[in-house]
Amino acid sequence: MPTSVHSQPDIADVVVLARALERDEGRPPGELRARERRVAHSVPPDGAPESVALAWLEVVKDEDEAVRALHQRAETAVHLTGFFIVLAGMLLGWGATLAAFYFDGSGRVNAVSVLALLVVLPGLMILPFGLAALPPPVMRRIPGGGVLAGLARVFSPGRLAPLFWRIFPGDLRDALALLSGRLGKQRQLYAALQKWALLRWSQMFAVAFQITALVACVVLVVFTDLAFGWSTTLTTGDPAEDARRAHRITSAITAPWNWAVEDARPSLELIEESRYYRAASEPVSREQAARLGGWWRFIALTIAVYGVLPRVLLLAFARSRLRAAARAAVLDAPGVSALSRRIHRARIETHAVEAETGAERAPVAPDAAADAASPAIARDIRAVINWSGVPVGADVLTTAFRGAGVFAAGGAAAVHDDLALARQLGANVDGAGSETRGDVLIVVKGWEPPLLEFGDFLKTLRGAVGRGTMILVLPLGLDAGVALAPAAPAQFRLWRDKLAASGDPWLRVIASHAEVSA
Amino acid sequence: MSAPAFAIVGHPNKGKSSLVATLARDASVRIGPEPGTTVHAREFPMRVGGKVLYTLVDTPGFQRARAALDWLKAHDTGAASRPALVERFVREHEGEERFRNECELLRPVVAGAGLIYVVDGATPYGPEYDAEMEILRWTGQPSLAVINPIGVPRFVEPWRLALEQFFRVVRVLDVQQAPFEQQLELLRAFGQMRESWRRPVEEAVAALIENRARQDDDAARVIAEMIAEALTHRETKDIAKDEDPTRHSASLENNYNRRIRQFEARARREVEAIYGFDEVDREEVDMTLLETDLLSRESWLAFGLKRRDLVVVSATGGAIAGGVVDSALLGASFLVGSVVGGVIGGALGYFSSDKLADLKLLRQPMGGVRLRFGPSRNVQFPFVLLRRAVLHHAVVAARTHAQRGALKVESSSERLRLMGDLSAGRTRELARLFERLRRSEPGTESRAAALSYLTEAISQLMSAEAGIPDENPEGLRER
């Protein structure tokens with residue numbers, strides 16, 4: 001039984017669910033139903049399809065070693081991919097920071113270059129992310145949008161993931177077949193999942209890059225002596241005006257944190273003092289270097305607010321989109337909807353535990369020729385028995401079968417009375433003790449089936465009257481009281497076929513009293 | 001406390017197995033006109049979440065009731081010992097061929113099962129039933145009689161008079177046609193036979209009602225999925241640029257029609273399976289397509305490019321190249337390079353797309369003509385699919401598991417029209433949902449949301465078809 005039922009699928013769940021459903025296609029239905037019954041007991045009655053599918057997957061994982069192993073491999077592969085992506089982001093972030101903060105003591109660290117490399121350039125990469133993140137219907141409306149989105153994805157750091165997969169062991173690569181688009185027939189179904197997995201990895205890369213850059217910046221500030229400066233070719237000609245312009249820009253940049261950390265805004269004096277010209281570079285004095293280090297708060301907070309924060313938000317957004325895509329992929333995966341329905345159905349069982357025993361009887365086949373009344377056979381009927389109280393008067397029977405004695409058996413009569421009647425008829429005497437000869441006719445209710453107790457009576461009667469005496473059975477219809485209406489053809493067939501099984505050659509079921517009437 | 005059991009007993013061929021099939025929702029129960037179709041007592045436990053709430057026991061009919069009663073009378077020592085005497089009868093005749101049926105049907109009763117005695121209200125009461133009812137009375141178990149008219153109910157009242165002498169509760173139910181609510185009523189009556197049985201039976205009834213609601217929702221979902229699939233389905237074929245498209249139009253149309261019918265047939269089977277009719281035959285007229293001019297053609301290029309894409313990409317490339325020239329001239333060209341580059345690139349893209357289509361890479365053409373049949377744009381198309389599906393659902397939902405033979409769905413245009421006109425608000429709402437589905441892609445949230453709304457709309461339609469008042473006739477609930 002699953003230990004816990006969660007409702008949010010992850011990539012590994014989607015991958016393994018698709019595979020597990022495929023594996024089930026060849027299994028016997030009985031085995032699947034038994035498993036669905038087990039799952040049904042562990043899911044809430046109002047469980048959503050994805051919760052039900054995940055609960056089912058837990059049970060399958062418990063029971064099927066191959067599925068469990070696949071899930072572990074898929075999880076490992078996804079985690080490993082994330083690890084490598086983060087590692088790559090950290091390495092690049094560290095390298096870029098070292099490059100941006102390169103300081104050999106002879107010059108100054110250009111704050112503009114630092115911010116361009118660590119904030120502006122990575123920030124521009126949000127543009128392709130935004131393009132790739134556009135919903136397909138919007139993208140289709142933009143001419144060339146599909147191509148641009150494709151290009152955006154090509155340049156996304158998430159594309160590093162397939163490169164890392166190349167160094168993964170084969171079984172891990174196979175576990176990611178669904179994500180790598182190798183399952184061609186399901187490409188459309190999992191397109192959104194693939195896209196958002198890629199974009200989430202991109203944001204993981206970017207967050208790792210930015211956080212590492214921030215940490216590296218702080219580390220360099222703490223453990224080395226940095227003198228910041230700024231430089232530009234676009235000058236107004238008036239250094240004071242240039243500085244004021246730069247101050248306005250830095251003030252605008254620091255607007256988000258000015259209210260909290262006022263020290264983190266470079267002052268006009270600092271900006272004026274930290275401008276340098278490469279053509280006329282001058283060595284920095286110890287006191288000046290200490291003052292120029294005052295830029296670090298501004299740089300660190302700029303990286304944090306304009307580099308780290310947007311990427312963290314985008315990572316959260318990509319993560320939520322990936323979760324939604326995974327959920328949609330589970331809901332739309334072939335077979336999930338039907339699986340959920342079957343499991344909910346299995347909660348309530350009303351069917352028989354055991355299969356029906358005994359061979360199934362073939363239905364009574366219509367036999368038009370046999371249904372037709374046989375030609376009249378002039379029989380000498382000496383006794384008519386009304387079996388089980390057929391609602392027909394004795395006078396009707398007497399009129400139809402002249403000269404025959406009318407008796408009653410079955411129904412309200414006791415079994416020993418039936419035996420006595422059989423013995424009486426076997427003695428070939430009528431009720432008055434006179435000797436009689438001829439056949440015996442039994443009228444029965446055509447609408448009632450022939451029971452075994454009627455068979456018992458026939459046997460007893462046959463034993464009493466002996467071989468050669470014809471016993472005729474006439475099933476009557478519901479309106480028997482009116483001119484001995486015959487039973488319906490289906491009822492007649494039923495009686496005929498049932499009594500034929502007795503193997504008595506002198507027993508005959510007739511469709512109408514006309515067959516024996518004189 | 002163990003769950004109650006209810007033994008369905010009676011004369012052969014009076015609908016005992018039909019009643020069990022209906023209440024247990026089990027179409028595999030053998031039902032036939034020949035006596036002795038049921039030869040062994042068979043249990044149908046009703047479980048909810050693995051817990052048994054009650055058990056129905058289908059039993060063979062009495063075959064030698066008078067002889068059995070004779071034996072009981074011969075050994076009778078007084079009313080108080082009669083239940084024990086019946087138990088002794090079963091014990092002493094167990095395994096004996098003569099009273100096999102009587103033992104099979106009395107065994108669950110002497111084990112404590114309530115008695116459900118079934119008679120046919122279309123045929124008259126007769127004295128042969130007295131012995132059966134007398135034996136059942138001797139068991140001392142709570143009992144209830146069900147008059148099941150297998151045909152014209154001509155003899156219900158005489159039966160009622162006869163049965164009321166032996167049973168405290170007499171119910172009339174056509175088990176072949178009994179609507180769900182009547183089935184529940186009968187189950188509740190079972191529970192009322194003994195105080196301790198009331199609670200589990202009520203619990204079971206509540207579960208069945210909940211299950212029914214879920215079945216309806218599931219069926220609505222299946223129908224919604226089928227419509228979504230049919231609405232977006234298209235058949236495509238890539239042919240060479242100069243190939244005659246008319247040669248392929250007939251096969252595309254046939255394939256399209258076949259697929260739409262497959263979608264319908266699959267949904268029908270699923271809806272039937274939801275209600276427990278896994279192997280029922282169906283008689284339904286195939287859907288006829290409302291339009292035949294769904295063939296369209298478009299150029300295609302390798303890598304999923306369209307001519308428009310190629311023009312945009314070429315123009316962008318040209319503009320970038322021109323921009324490089326502009327940069328080299330330090331802006332003195334006033335972006336003429338970018339503009340000219342963009343125009344030349346775009347024109348090249350436009351005119352070269354045909355040439356690209358003629359190229360072959362590894363013997364594979366880089367472009368050609370894509371013939372497309374579908375998707376249907378006819379506004380009536382989804383409505384016809386919907387009405388047919390809702391009608392089929394109504395027939396399935398009303399069918400009991402005692403019914404045999406094919407499921408007949410009379411989906412003539414007249415019958416569909418008579419299903420009830422949709423309100424203007426609902427028609428608009430549905431049309432909007434259909435349009436949303438047409439535009440959505442599989443695996444997207446937008447499609448999932450549209451499917452949910454459509455499922456809800458279909459549920460409401462199905463309730464209306466079943467005669468359940470619609471709480472929101474003018475449209476879907478706003479979200």
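## Exercises on a predicted two-chain model

**B:R25**

With 22 C-beta neighbours inside 10 Å, B:R25 counts as buried. This is a predicted model.

**Exercise 1.** Locate B:R25 and describe its phi.

*Solution.* Step one: find the place. B:R25 sits in the loop between α1 (16–24) and β2 of chain B. Step two: read the backbone angle. Phi of B:R25 is near 50°. That value is positive, and the residue is not a glycine. Step three: settle the burial. The cut-off for a buried residue is 20 or more other C-beta atoms within 10 Å. B:R25 has 22, so it is buried.

**Exercise 2.** Work out how helix α6 of chain B is oriented: which residues are buried, and what do they pack against?

*Solution.* First, list the buried residues of α6 (residues 156–163) of chain B: B:W159, B:A162 and B:L163. Second, look down the axis of α6(B). The buried residues fall within an arc of 90°, so they line one face of the helix. Third, turn to the face away from the buried side. There, B:E157 and B:L161 are exposed. Fourth, find the partners. The buried residues of α6(B) pack against β4 (114–119), β5 (143–147) and β6 (169–172) of chain B.

**Exercise 3.** Describe the contact between chains A and B: how many residues does each chain give?

*Solution.* Count first. Chain B gives 55 residues and chain A gives 55. Now name elements on the side of chain B that touches chain A. Those giving two or more residues include β2 (42–48), α2 (65–74), α8 (195–232) and α9 (246–274) of chain B. Then sort the residues on that side: 19 nonpolar, 13 polar and 23 charged. Finally, check the strands. Strand β3 (residues 348–349) of chain A pairs with β2(B) in the antiparallel sense, over 2 bridges. A:E349 stands opposite B:R47 in β2(B).

**Exercise 4.** State what the confidence scores say about chain B and the model.

*Solution.* Begin with the chain. The average pLDDT of chain B is 85, and 87% of the residues score at least 70. Then pick out the stretch 469–479 of chain B, where the pLDDT is below 50. Beyond near neighbours in sequence, this stretch has 16 contacts in the model.

Key
Residues are numbered from 1 along each chain as its sequence is written. Chains are lettered from A and ligands numbered from 1 in the order in which they are written. This is a predicted model: local features need pLDDT of at least 70, side-chain atom pairs count only at pLDDT 80 or more; totals for chains, interfaces and linings use all residues. A residue is buried if 20 or more other C-beta atoms lie within 10 Å of its own, exposed if 12 or fewer, and partly exposed in between; C-beta atoms are placed from the backbone. Helices (H or I, at least four residues) and strands (E, at least two) are DSSP runs, numbered from the N terminus. The arc is that of the directions from the helix axis to the C-beta atoms. Two residues are in contact if their C-beta atoms, placed from the backbone, lie within 7 Å. Ala, Val, Leu, Ile, Met, Phe, Trp, Tyr, Cys and Pro count as nonpolar, Asp, Glu, Lys and Arg as charged, and the others, Gly among them, as polar. Two strands pair if DSSP finds at least two bridges between them. pLDDT is the predictor's confidence in each residue, from 0 to 100.
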